[in-house]
Amino acid sequence: MDSLRKAGKWEIAGYAFGGLGSNIAYILVMSYLTYFLTDIYGISALAVSGLMLVARIIDAVTDPMMGMISDRTRSRLGRYRPYLIYGAPFLGLSIFFLFCTPSLSPVGKIVYAYALYIIYSLLSTVCNIPYHALTPVMSGDPQQRTTIVTCKQAMTIPSTLFVGVLALPMVGLFGGGEGGWAKYGLFVGIITTLSFWLCAWGAKKKDTMDVMPASKERIPFGTQIKLIFKNKPLLMLLIAFSTDQFAGAAASAVNVYYFIYFLGRKDLVAAVSMYTLAVNVVAFLVIPYLSKLCGKKRLYMISTALVIVPYTILYFMPANIPAIICFMVAAAGLATITGTLGWAMLPDCVEYGQWKMGIRGEGTISASLTFSNKVGMALGGSVTGIILAATGYVAGQEQTGAVIEAIKAMKFLFPVAGYICSLISMSFYCITDKYFGQMIEDMKNGIAAENSVLTKAQN
């Protein structure tokens with residue numbers, strides 16, 4: 001294995017565009033799908049919560065399978081790129097239809113929403129798992145991997161621009177209501193497709209059997225699963241990500257509700273998103289330098305501890321709009337650092353799997369992280385619907401005090417709980433920069449994990 005294998009600037013730029021395709025749909029679904037289905041399409045909040053859970057049960061099977069299938073793929077287009085090239089247009093279409101509103105009976109609307117969301121989830125799996133599996137394929141250098149991950153995560157900036165800032169104005173520009181949302185869904189679907197195609201172009205010279213040769217032996221599925229459950233740092237990362245996503249999904253799902261029903265300022269949704277973009281630009285610029293200075297694990301722990309502070313303050317804060325905006329933007333910037341570092345740690349877990357078991361399994365390991373993300377997102381989204389229904393939420397009307405308090409708790413206290421769980425989990429994550437360097441040295445010298453000084457030190 002060549003630990004100094006690196007990607008060129010244009011390859012990094014092309015690959016990073018996949019972050020736009022991945023994030024724009026993700027942010028749209030996280031931020032607006034619950035609101036769209038309840039307030040635009042007329043489905044009950046309880047039905048929406050069930051929708052999220054059903055889709056994730058299916059993902060429990062399809063995500064690991066997609067990871068293992070992509071790891072086993074052999075084609076002239078590479079191991080992972082074919083899924084981006086051929087899957088992206090179908091994913092784009094599913095986004096369009098997800099935000100369409102055919103005239104159906106109440107039961108028919110629920111069936112349509114369930115069917116389209118499940119189709120969208122499956123196609124998202126087909127594209128996103130191979131996409132994330134490409135990160136360790138692009139480069140073998142740990143510092144450049146942080147840069148690559150930062151670049152692809154930086155695509156949350158245009159994604160947030162298109163969704164957080166421009167979604168509601170564009171829906172209005174497209175005619176508003178059901179028709180406006182359908183046209184906006186088509187717009188997002190087109191961007192998603194083009195972005196994944198650019199990503200496939202950027203990885204063209206990296207995703208080949210010559211650069212990343214696969215074992216000639218067919219690895220049993222059971223062995224591939226062990227890549228997850230015998231990989232302690234990966235398990236810690238999965239727990240941290242799932243708890244963060246649970247909290248983040250709940251907070252995102254009630255974001256529009258918070259501005260409409262607590263602050264009475266729907267117009268601030270776009271404004272806060274714009275301020276958040278500016279802070280995130282700074283965060284993405286400094287992440288590679290801070291990571292090199294502190295190490296990925298330490299920086300992850302620091303940013304996670306700090307993000308708890310503004311969320312706690314926001315829950316107890318009255319409707320002081322300037323102060324609320326300041327604390328929300330600060331929390332978003334710190335959360336960006338934490339989220340980006342998590343993805344930068346994933347390739348290190350791939351190397352850990354190879355060091356421990358002699359198998360890389362980029363797709364399998366990437367699938368485990370995307371699945372944990374989806375589980376957290378689904379639970380957060382479904383809990384949102386359940387709590388809103390239980391407290392008496394009625395779309396488009398003035399809400400009771402119980403509903404307002406529930407919205408505030410989900411918006412701010414859920415993230416606090418999620419990040420506390422993340423801190424506890426990541427305290428057991430063992431791969432520091434020094435640890436990673438020793439793993440690479442062991443593999444270069446043919447030293448098995450059980451004979452490594454790292455293993456002896458742990459024992």
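**Helix packing and overall form of the predicted model**

Helix α10 crosses helix α15 in a right-handed sense. In this predicted model, α10 spans residues 232-253 and α15 spans residues 362-390. The two helices pack at an angle of about 30°, and their axes lie 7 Å apart. On the α10 side, the contact includes Leu234, Leu237, Leu238, Phe241 and Phe246, together with Ala249, Ala250 and Ala253. Among the residues that α15 contributes are Ile365, Leu369, Met377, Leu379 and Val383, as well as Gly376, Gly380 and Gly381. Of the residues in this contact, 13 are nonpolar and 9 are polar, while none is charged.

The protein as a whole contains 18 helices and 0 strands. Its radius of gyration is 22 Å, close to the 23 Å given by the globule rule for 459 residues, and the protein is therefore as compact as a globular protein of that length. Along the principal axes, the C-alpha atoms fill a box of roughly 70 × 45 × 35 Å. Buried residues make up 58% of the 459. Among contacts with a separation of 6 or more, 85% are between residues 24 or more positions apart.

A search of the whole structure found 0 disulfides. Cys421 takes part in no disulfide, and the nearest cysteine sulfur, in Cys349, is 19 Å away. Cys421 is classed as partly exposed because its relative accessibility is 37%. For Cys430, the closest cysteine sulfur is also that of Cys349; the separation is 8.2 Å, which is too far for a bond, given that a disulfide requires sulfur atoms within 2.5 Å. Cys430 has a relative accessible area of 18% and is therefore buried, the limit being under 20%.

Notes
Residues numbered from 1 in each chain as written. Predicted model: local features only at pLDDT ≥ 70, side-chain atom pairs only at ≥ 80, totals over all residues. Heavy atoms only, no water. Axes fitted to C-alpha atoms, helices over the stretch in contact; angles between N-to-C directions. Helix = DSSP H or I, 4+ residues; strand = E, 2+ residues; numbered from the N terminus. Left-handed = near helix turned anticlockwise from the far one by under 90°. Contact = heavy atoms within 4.5 Å. Nonpolar A, V, L, I, M, F, W, Y, C, P; charged D, E, K, R; others polar. Buried < 20%, exposed > 50% of the residue type's maximum accessible area, 1.4 Å probe, protein only. Rg over C-alpha atoms; globule rule 2.2 N^0.38 Å.
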